[in-house]
Every structure is written in C-alpha cells, then in structure tokens.
Amino acid sequence: AKDVCAYLSYHEAPATAVSPFTKTAVKDAGVKPFKVVIEDQKACARYSGLVIEGVQVKDSPSWLKNRLQTIGVRSINNIVDITNYILHETGQPLHAFDAQQIEGATVVVKKYPADTLFVTLDGTERKLAANDLMISDTQKPLCIAGVFGGLKSGVSEDTKNIFLESAWFENVHVRKTSLHHGLRTDAATRFEKGVDIAGTVNVLERAAQLIQELAGGKCSEVVDVYPSPATKKTVVLTYAYLKKLSG
C-alpha cells in the first residue's frame, strides 16, 4: 500500500491495478501427469502440481534478472527465477523438481522416522525429526515440504522435464521444521504466516504459462488433491470504514 501511495503521489498519469492471472487455463498437451498422494492431510491440506516436458534451462532474460535484483534475490536460472518471481508476485511459494528424479511418476507427501538422513540443496546431510513433512517419490525423500529442496531433485542445466509444485502446508509444521534445521527460507517465512489455500491452482497455472514463455515445454493437466475444501471466509465492513481506512 505504501509503494502504491508513493507511486500515485508522484505520477500524473492514471494508474490501474492489473491482475497477474489470466482466464486461460493450462492446456493439456498430451503430457502424462504425475500421481499425488497425501498421507498427512493435516500438515498438507492441498497439493497441486503439473508436469512440463521439454523445457530449456538457461539464463533468465534481463527484465526478470533486474526485477529479482531490485528485491535482493540472486538469479539462478530461468526456472528457479520464475518460481522466486511468482513467490513475490503472489505470496504463494512454488517448487520445481527435476521430473527425471521422481521415481514411479508419483509424488507422496509423508513423514519419515526420526533420524532419517537427508541431504539438502546446500549439500548438508541432516537428520530428520519425526514431525518433518517431506515430499517424496515411491522410493525416497526429495524435499523438506515448504522449507528447502533436496540436493539431487532440483533443477539443473541438464533438466529437460520438470514437476512444478504449488501446495498448502500447515504453518505450525513448517515453523517447527524450519527452526529445528535452522533453515529460514523465503518459502518457510510465507508458509509459517499462512498462505491462501484457495490460490494454489491459479498460481500454478500462472507459473506454468510464464515457464512456457521463457523456457518452452508442454504441460500436463493440473493434478489438484484437496480432500477437505476449506469454507470461504466472509468479511463484513461498512463503506464508511473502508473509505476511511483506504483514504
């Protein structure tokens, strides 16, 4: 709100708000989707994902690098940069996996026994706590849910196919895991404050469209596992209060 106020105070031209979301859904291009299984539905109440085949991992265009740089985010590659850009654009964390590293074309959201060893993206071997929620395939853990990726499942220069995740993880679980491992990531700080469970698919489709524009590829249909849809909240307020609050 302060940024908008500053802009409008110094620009004569009329300004309008533009939504990043378009009405066109991701088109099914014949790419086979992955199966998603949620074993702990309290810790993960909704999990949306899709597969994009035939992407070209490379440097991001200058406009994307510049926008990330202005908010202090380091450019890595076009796929990772898009997930970071959309995190800041929408408030919804995303994670991109190398689809070739996911065994059985299946994503399982589950917990592992305490002291299970897992190597994170920074090359550190960590002992998992019994409460840590993990994103796994049929054989092994791939990522600490909502906190940090694994060393072997992330996007690299050799990646051709990706699985893109947009999920809702319960804030208490994420906060405990983040503090336990000393991992204070952008994703964890969003999840532990609470993200909008209604937005996972919209954000996923927004990311997929941007990836197709900058990296190419063909998308599968969206897989959206949402066992117990949340009741939409209603906020009641007077017009007078809204006018006073917004100026």
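These legends accompany close-up views of a predicted model.

**Figure 1. The largest pocket and its lining.** Welcome to the largest pocket, which holds about 780 Å³ of space. Its lining comes to 29 residues, and those nearest the centre of the pocket are Val80, Asn84, His95, Leu121 and Phe148. Several elements each supply at least two residues of this lining: helix 3 (78–90), strand 3 (95–98), strand 8 (141–144), strand 9 (148–149), strand 10 (161–169) and helix 5 (186–191). Helix 3 gives the most, with 4 residues. Sorted by class, the lining of the largest pocket has 17 nonpolar, 9 polar and 3 charged residues.

**Figure 2. The second largest pocket.** Here we turn to the second largest pocket, with about 300 Å³ of space. Asp3, Val4, Tyr7 and Leu8 line this pocket along with Ala15, Thr16, Ala17 and Val18. By class, the lining of the second largest pocket divides into 6 nonpolar residues, 1 polar and 1 charged.

**Figure 3. The largest cavity.** A search of the whole structure for cavities of 30 Å³ or more finds 1. The volume of the largest cavity is about 40 Å³. Its lining is made up of Leu133, Ala145, Val147, Phe169, His173, Val174 and Thr177. Helix 4 (residues 171–181) gives the most to this lining, with 3 residues. The lining of the largest cavity has no charged residues; its classes are 5 nonpolar and 2 polar.

Figure 4. Look here for Val235, Leu237, Tyr239, Tyr241, Leu242 and Leu245, which make a nonpolar surface patch of about 700 Å². One of these residues, Tyr239, is found in helix 7 (residues 239–246). Tyr239 has a relative accessible area of 63%, so this residue counts as exposed. Helix 7 as a whole is hardly covered: of its 8 residues, the count that are buried is 0. Gly247 follows helix 7 and has a positive phi, near 80°.

Figure 5. Lys111 pairs with Asp40, and their closest N and O atoms are 3.1 Å apart. The two partners are 71 residues apart and link distant parts of the chain: Lys111 sits in strand 4 (residues 106–111), while Asp40 belongs to the loop between strand 1 (35–38) and strand 2 (44–53). How much cover does each partner have? Lys111 is partly exposed, at 27% relative accessibility. Asp40 counts as buried because its relative accessible area is 19%, and the cut-off for that class is under 20%.

**Figure 6. The salt bridge of Asp59 and Lys65.** The side chains of Asp59 and Lys65 form a salt bridge with an N to O distance of 3.9 Å. That pair still counts, because the limit for a salt bridge is within 4 Å. Asp59 is exposed, its relative accessible area being 55%. Lys65, at 30% relative accessibility, is partly exposed.

**Figure 7. The salt bridge of Lys140 and Asp137.** In this view the side chains of Lys140 and Asp137 meet in a salt bridge, at 2.5 Å from N to O. Is Asp137 buried or exposed? Asp137 is buried, with a relative accessibility of 2%. Lys140, by contrast, is partly exposed, with a relative accessible area of 30%.

Figure 8. Ala105 is not a glycine, yet its phi is positive, at about 50°. You can find Ala105 in the loop between strand 3 and strand 4. With a relative accessible area of 33%, Ala105 is partly exposed. Asp115, also not a glycine, has a positive phi of about 75°. Asp115 lies in the loop between strand 4 and strand 5 (117–119). The relative accessible area of Asp115 is 52%, so this residue counts as exposed, the cut-off for that class being over 50%.

How values were computed: Residues are numbered from 1 along each chain as its sequence is written. This is a predicted model: local features need pLDDT of at least 70, side-chain atom pairs count only at pLDDT 80 or more; totals for chains, interfaces and linings use all residues. Side-chain values use heavy atoms; hydrogens and water are left out. Patches are made of residues with over 30% relative accessible area and no salt bridge: like charges are joined within 9 Å, nonpolar side chains (Val, Leu, Ile, Met, Phe, Trp, Tyr) within 5 Å. Accessible areas come from the Shrake-Rupley method with a 1.4 Å probe; for residues, only the protein chains shown count as cover. Buried means under 20% relative accessible area, exposed over 50%, partly exposed in between (1.4 Å probe, protein chains only). On a 1 Å grid over the protein atoms alone, a cavity is a set of points where a 1.4 Å probe fits but cannot get out, and a pocket is an open set with protein on both sides within 12 Å along at least five of seven lines; lining residues have an atom within 4 Å of a point. Grid points are joined across faces, edges and corners, and a volume is the space filled by probe spheres set on the points. Ala, Val, Leu, Ile, Met, Phe, Trp, Tyr, Cys and Pro count as nonpolar, Asp, Glu, Lys and Arg as charged, and the others, Gly among them, as polar.
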